[in-house]
Amino acid sequence: MAATAAVRHKHIRIDQAKLDKARKLLAAATETEALDRALTLVVSEADIDAALRQVAGKGRVKKLFP
């Protein structure tokens, strides 16, 4: 991502129920803030997701507690 993010005005169609739920879960004051937080979360988790996909099925899960 660039050092300075370009903010642009967008018109989109979006499921209002999903947006309301995301706003509540993310404790966002506005719909715009909810969308920004959700996108930030997706982008920040991308590297972790890619790493997990690379090791999927290559190891065993050991039960530590009965």
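This is a predicted model: local features need pLDDT of at least 70, side-chain atom pairs count only at pLDDT 80 or more; totals for chains, interfaces and linings use all residues.
Trainee: How many salt bridges does a search of the whole structure find?

Mentor: The search gives 2.

Trainee: Where do Arg 53 and Asp 49 lie?

Mentor: Both are in helix H2, 4 residues apart, about one turn of the helix. Arg 37 and Glu 33 also both lie in helix H2, 4 residues apart. A helix here is a DSSP run of H or I with at least four residues, a strand is a run of E with at least two, and numbering goes from the N terminus. The protein chain has 2 helices and 0 strands.

Trainee: Why does Arg 53 count as exposed, and why is Asp 49 called partly exposed?

Mentor: Set the values against the cut-offs: buried means under 20% relative accessible area, exposed over 50%, and partly exposed in between, with a 1.4 Å probe and protein chains only. Arg 53 has 62%, so Arg 53 counts as exposed. Asp 49 has 36%, and therefore is partly exposed. In the other pair, Arg 37 at 35% is partly exposed, and Glu 33 at 24% is partly exposed too.

Trainee: What makes the phi of Ala 27 worth a look?

Mentor: Phi of Ala 27 is near 50 degrees, a positive value in a residue other than glycine. Ala 27 sits in the loop between helix H1 (16–25) and helix H2 (31–55), and Ala 27 is called exposed because its relative accessibility is 59%.

Trainee: How do you know how the radius of gyration of the protein chain stands against that of a compact globule?

Mentor: The radius is taken over C-alpha atoms, and the globule rule is 2.2 Å times the number of residues to the power 0.38. For 66 residues a compact globule would come near 11 Å, but the protein chain has 18 Å. The C-alpha atoms fill a box of roughly 50 × 30 × 20 Å along the principal axes. Buried residues make up 5% of the 66 residues.

Trainee: Where is Val 61 placed, and why is Val 61 called exposed?

Mentor: Val 61 belongs to the segment after H2. Its relative accessible area is 85%, so Val 61 is exposed. From Val 61 to Ile 12 there are 49 residues in sequence and 43 Å in space, C-alpha to C-alpha.

Trainee: What about Ala 56: why is that residue called exposed?

Mentor: Ala 56 has a relative accessible area of 52%, so Ala 56 is exposed. Ala 56 also lies in the segment after H2. Ala 56 and Glu 45 are 11 residues apart in sequence and 16 Å apart in space, C-alpha to C-alpha.

Notes. Residues are numbered from 1 along each chain as its sequence is written. Side-chain values use heavy atoms; hydrogens and water are left out. A salt bridge is a side-chain nitrogen of Lys or Arg within 4 Å of a carboxyl oxygen of Asp or Glu.
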